[in-house]
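Dear colleague,

Please find the structure below, followed by an account of what was found in it. I would be grateful if you would read the two together.

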Amino acid sequence: MGSGVAAAAPPSSDFPARASDVPWTDAQLQEAVRDPKGGGALVRAVLAHAERANALALMTAAGSAHRLGRLEDAGFLFYAGRSRALLDLYAYPDDTGSANPALSAISQQVKSALLPELIGDADASAAIARRYDAWSIVPPAGYDPGWPYDEAKSADEIRRKAEQIRTLQSTMLPNIATPL
């Protein structure tokens, strides 16, 4: 079963650390989805630990950031979440078959709310692209994708796939603000 543990960053005062070394729990992610006005603490925690955040956390925080009117944060978290989802589904094969539908559902929900606001906002789109380019798709040692898996792909395979994903996303990001 994958899911090693690496040295953790100090936990945020808003959320306690857990075994996967992120300062939020699955219950807090679920609460952020249900609470249309909340989620500010979750957004701050995920942004502060985006390199360790799995796709579900990134997407959930993207939805919360959007509901809070934080368009640039929402856009960055959405594109990071989408990239991490693509990488995670490849690198950490989901033995249960439940990860892909769950990630697709939340991605579609966030995308349908977020993209209409990004279209035509060249400044926000450029800021999102800069933040995305500075973020590492490849997660650190001890990373937990959020589901059980038997064996992860090799580090070289993960890096190659991350490069492919980055290339694809980086060509799309500058065009977000361009209306059809």
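The chain averages a pLDDT of 80, and 76% of the residues score at least 70; pLDDT is the predictor's confidence in each residue, from 0 to 100. This is a predicted model, in which local features need pLDDT of at least 70 and side-chain atom pairs count only at pLDDT 80 or more, while totals for chains, interfaces and linings use all residues. Residues are numbered from 1 along each chain as its sequence is written, and side-chain values use heavy atoms, with hydrogens and water left out.

Where pLDDT is low, the predicted coordinates should not be read in detail.

The chain contains seven helices and zero strands; helices (H or I, at least four residues) and strands (E, at least two) are DSSP runs, numbered from the N terminus. Buried residues make up 46% of the 180 residues, where buried means under 20% relative accessible area, exposed over 50% and partly exposed in between (1.4 Å probe, protein chains only).

H4 is mostly covered, with 17 of its 21 residues buried.

H3 (residues 55-67) and H5 (residues 99-118) have axes that come within 10 Å and cross at roughly 30°. Axes are lines fitted to C-alpha atoms, for helices over the stretch in contact, and angles run from 0 to 180 degrees between N-to-C directions. On the H3 side, the residues that meet H5 include Ala55, Leu56, Met59 and His66; their partners in H5 include Leu103, Ile106, Val110 and Glu117. By class, this contact has nine nonpolar, four polar and one charged residues (Ala, Val, Leu, Ile, Met, Phe, Trp, Tyr, Cys and Pro count as nonpolar, Asp, Glu, Lys and Arg as charged, and the others, Gly among them, as polar). H3 is itself mostly covered, with 11 of its 13 residues buried.

Finally, aspartate 121 lies in the loop between H5 and helix H6 (122-134). Aspartate 121 is partly exposed, with a relative accessible area of 26%.

Yours sincerely

Conventions
Contact = heavy atoms within 4.5 Å.
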